[in-house]
Amino acid sequence: MAARHVIIGGGPGGINAIETIRGYDADASITLISDEPAYARMALPYYISKSIPVDQVLTGDDGYFSNLGVTTQFGLRVTSVNASENTVTLDNGSTVEYDNLLIATGSSPQPLPIPGADGEGVHNLWTMDDAKNVVAAMDGDAEVAFIGAGFIGFIILNAMYKIGARLTVIELENQVLPRMLDAQGASLVNTWLNEHGVRTHTGVSVQAIEHGSDGKKTLKLSDGSSTQADLVIVATGIRTNIDFLNGSGVNTNEGILINSRCQTNISNIYAAGDVAEGSDLSTGQQAIHAIQTTAVDHGRIAGANMAGQDVEYPGSLLMNILDVCGLQCASFGSWSSGGEKTETINASRPLYRKLLWDGDQLSGAIILGPADDVAMLNDMGMIKGLIQAQTSLGAWKGHIQTNPTDIRRPYVATKTAEKMLAITTLGSPAAHRAYQHTQDGGKDRSAHAVLVSNKSA
Ligand SMILES: Cc1cc2nc3c(=O)[nH]c(=O)nc-3n(C[C@H](O)[C@H](O)[C@H](O)COP(=O)(O)OP(=O)(O)OC[C@H]3O[C@@H](n4cnc5c(N)ncnc54)[C@H](O)[C@@H]3O)c2cc1C
């Protein structure tokens, strides 16, 4: 009998597992259960900035899933898992049996426990519905206040900057992007934001949101000041969606604990993406890396193992790459460790590079500069590659220490591109994924160009 695979969650973790399973096994039965349609959240900012239409946020239409031979149950939630019976129960009372189960349920925004946070015009921008509500509520030059200056908040901020919104950011910690940049990098970003018309308040908390009868909101700050907004975006952190696993026997910490095959303590239950706590490539410790790239890697590894392969994952690389109103910022690996470092800074451009060393290997980096700066984006990719491939740089270490902007020669000389190919998740190059919306005849909209372009729309 064909194996029965059940996937909970239609985000990048779940979808990559499905595509991988089907790549290995044409006959397996695959069922996807997800309370939302299948899409990648990272496409939402492109919809908000009007770079793509809303249907392009979706991973695929009905034709895509029927071509893949997937039974879909959208709009339903899994409420419990019975690991001894190999069944999941849904919120409509039905049960579904599995041979292998993948939990790819992602994470949800933390609630903000202050007065007025549940009022109209205060949004978490996490789901497609949130994005539609925000787009419907926004005039081009609306005043928008962000509570939380982290990675997700800044991705949305950048999208709103592109459409001319007037922006204010409020952050509890003493710097913006506290989990992505050190104080030096954050200070350059702060100055850049202010020069580009974005107001920043750091080291203060929002204590209440007052809603005026004209729809205006007043945010009361802990330093006694206040700021006004038409719209408030709350981006103060996320928590994993694991509540439905209570009593299931699946081991959890902050997320679901997985081994190098993305398997939980129960051998036919796997987990992937934001909900999973797997090995961190840099530290070897268990960690949650709530980013798209980890969800994709986990999904592919889990899918391959569910399909009967024996594939291990070396661990996910902590990485954040962000466009802040034209200033490119990235951090990789152990960027906050206190070890040996090579630093270069030019505050007026601004350009900042901090490379962290572990012997003759790069273990982490912060890199920051304008998008149109020579080699900025290429260097970002090569530095990430040197860290991820754990390249021993030998004599090239000294070269980088004296020439920290000449990354290309050490990268080529150490054959790091070849090393990266060898550690490609499933040991083979990624296949072209083809166009997944069949209703309009498979027209290629060159979405990739939209997503990576450094030119304004
Ligand atoms: C606005 C925004 C922009 C982002 N931009 C980037 C970026 O530029 N780069 C990057 O690396 N990352 C980015 N991220 C983060 C990235 O989107 C997540 O890391 C990624 O979506 C995680 O994928 P996942 O498959 O684990 O979970 P998700 O994408 O969250 O998918 C999980 C799905 O499971 C469903 N689900 C949950 N519980 C249940 C249940 N009990 N029953 C049924 N279904 C359930 C959820 O509703 C959801 O649809 C962004 C996130 C947001 C919100």
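Trainee: Does Asn 194 count as buried or exposed in this predicted model?
Mentor: The model is predicted. Asn 194 has 11 C-beta neighbours inside 10 Å. A residue with 12 or fewer is exposed. So Asn 194 counts as exposed.

Trainee: Which helix holds Asn 194, and how far is its C-alpha atom from that of Gly 299?
Mentor: Asn 194 lies in helix α6, residues 183–195. Gly 299 is 105 residues away from Asn 194 along the chain. The separation of their C-alpha atoms is 39 Å.

Trainee: Is Ala 131 buried or exposed?
Mentor: Ala 131 is in helix α4, residues 128–137. Within 10 Å there are 23 other C-beta atoms. The threshold for burial is 20 or more. Ala 131 is therefore buried.

Trainee: What does Ala 131 contact, leaving aside neighbours within four places in sequence?
Mentor: Start with Pro 45, 86 residues from Ala 131 along the chain. The C-alpha atoms of Ala 131 and Pro 45 are separated by 8.3 Å. The contacts of Ala 131 are Leu 44, Tyr 47, Ile 48 and Leu 125.

Trainee: Why does the radius of gyration of the chain agree with a compact globule?
Mentor: The chain has 457 residues, and a compact globule of that length would come near 23 Å. The C-alpha atoms fill a box of roughly 65 × 65 × 45 Å along the principal axes. The radius of gyration agrees with the globule because the chain has 23 Å.

Trainee: What percentage of the contacts with a separation of 6 or more joins residues 24 or more positions apart?
Mentor: The chain comes to 12 helices and 26 strands. Buried residues make up 39% of its 457 residues. Of the contacts with a separation of 6 or more, the part from residues 24 or more positions apart is 65%.

Trainee: Where does the ligand shell lie relative to the domains?
Mentor: The shell has 35 residues, with Gly 9, Gly 11, Gly 13, Gly 106 and Gly 273 nearest the ligand. Elements giving two or more residues to the shell include α1, β2 and α7. Both domain 1 (4–108 + 239–306) and domain 2 (122–236) give residues, so the ligand lies between domain 1 and domain 2.

Trainee: How many residues of the ligand shell are charged?
Mentor: The shell divides by residue class.

Trainee: Which peptide bond next to Pro 350 is cis?
Mentor: Pro 350 sits in the loop between β24 (341–346) and β25 (351–358). Omega is near -10°. The cis bond runs from Arg 349 to Pro 350.

Trainee: What is the phi of Asn 86, which is not a glycine?
Mentor: Asn 86 lies in the loop between β4 and β5. With 18 C-beta neighbours inside 10 Å, Asn 86 counts as partly exposed. Its phi is positive, about 55°.

Key: Residues are numbered from 1 along each chain as its sequence is written. This is a predicted model: local features need pLDDT of at least 70, side-chain atom pairs count only at pLDDT 80 or more; totals for chains, interfaces and linings use all residues. Helices (H or I, at least four residues) and strands (E, at least two) are DSSP runs, numbered from the N terminus. The radius of gyration is taken over C-alpha atoms; the globule rule is 2.2 Å times the number of residues to the power 0.38. Two residues are in contact if their C-beta atoms, placed from the backbone, lie within 7 Å. A residue is near a molecule or strand if its C-beta atom, placed from the backbone, lies within 6 Å of it. Ala, Val, Leu, Ile, Met, Phe, Trp, Tyr, Cys and Pro count as nonpolar, Asp, Glu, Lys and Arg as charged, and the others, Gly among them, as polar. Domain bounds come from an automatic or database domain assignment.
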